[in-house]
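Hi,

Here is the structure I said I would pass on. Have a look at it first, and then read my notes below.

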Amino acid sequence: MPKITYIEHGEHEHLVEVPLGHSVMRGAVDNNIPGIDADCGGECACATCHVYVDEAWLGAVGTPPPGSQEASMLSFAALAQPNSRLSCQVTVTAALDGLVVRLPEGQH
């Protein structure tokens, strides 16, 4: 299983294995990572799973498609940055083994 590092705003790191095909959000929720509430259950309707993708991984993860529901939700998210993603929209693949995401300050 790919390993993903979730870094809380206070810099506390959580390294967890996430099954292929699960979302980065599901990996956080299943492993009790603080700061990813996932209030909508992965339906891309709330932005409570907002993460910053580490710059080294942005090419592999990509950015939200323009005009997508994710892009719309991020436009309302506090502290959104160019490397922001909704973790419910990032599907774990073998290519994401080692992915690093950071949690925004407002989500701790």
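Keep in mind that this is a predicted model. I started with the charged pairs, and the count comes to 3 salt bridges.

One of them joins the side chains of Arg102 and Glu11, at 3.4 Å from N to O. Arg102 sits in strand β5 and Glu11 in the loop between β1 and β2 (13–17), so this pair ties together parts that lie 91 residues apart in sequence. Arg102 is partly exposed, with a relative accessible area of 32%, while Glu11 is exposed at 51%.

Another is the pair Arg26 and Asp30, at 3.2 Å, N to O. Both residues belong to helix α1 and are 4 residues apart, about one turn of the helix. Arg26 is partly exposed at 29% relative accessible area, and Asp30 is partly exposed too, at 45%.

Then there is Glu70 with Arg85, at 2.7 Å, N to O. This pair links distant parts of the chain: Glu70 is in helix α3 and Arg85 in strand β4 (residues 84–86), 15 residues apart. Glu70 and Arg85 are both buried.

Now for the inside. The largest nonpolar core has 31 residues, and Ile4, Tyr6, Val24, Ile36, Leu86 and Leu99 are those with the most contacts inside it. Among the elements giving two or more residues to this core are β1 (3–7), α1 (24–30) and α3 (69–76).

Which residues does Leu86 touch, leaving out those up to four places away in sequence? They are Cys44, Ala47, Cys49, His50, Glu70, Met73 and Leu74. Glu70 is the residue that also forms the salt bridge with Arg85.

Cheers

Key: Residues numbered from 1 in each chain as written. Predicted model: local features only at pLDDT ≥ 70, side-chain atom pairs only at ≥ 80, totals over all residues. Heavy atoms only, no water. Core = buried A, V, L, I, M, F, W, Y, C linked by side-chain atoms within 4.5 Å. Buried < 20%, exposed > 50% of the residue type's maximum accessible area, 1.4 Å probe, protein only. Contact = heavy atoms within 4.5 Å. Salt bridge = Lys/Arg side-chain N within 4 Å of Asp/Glu carboxyl O.
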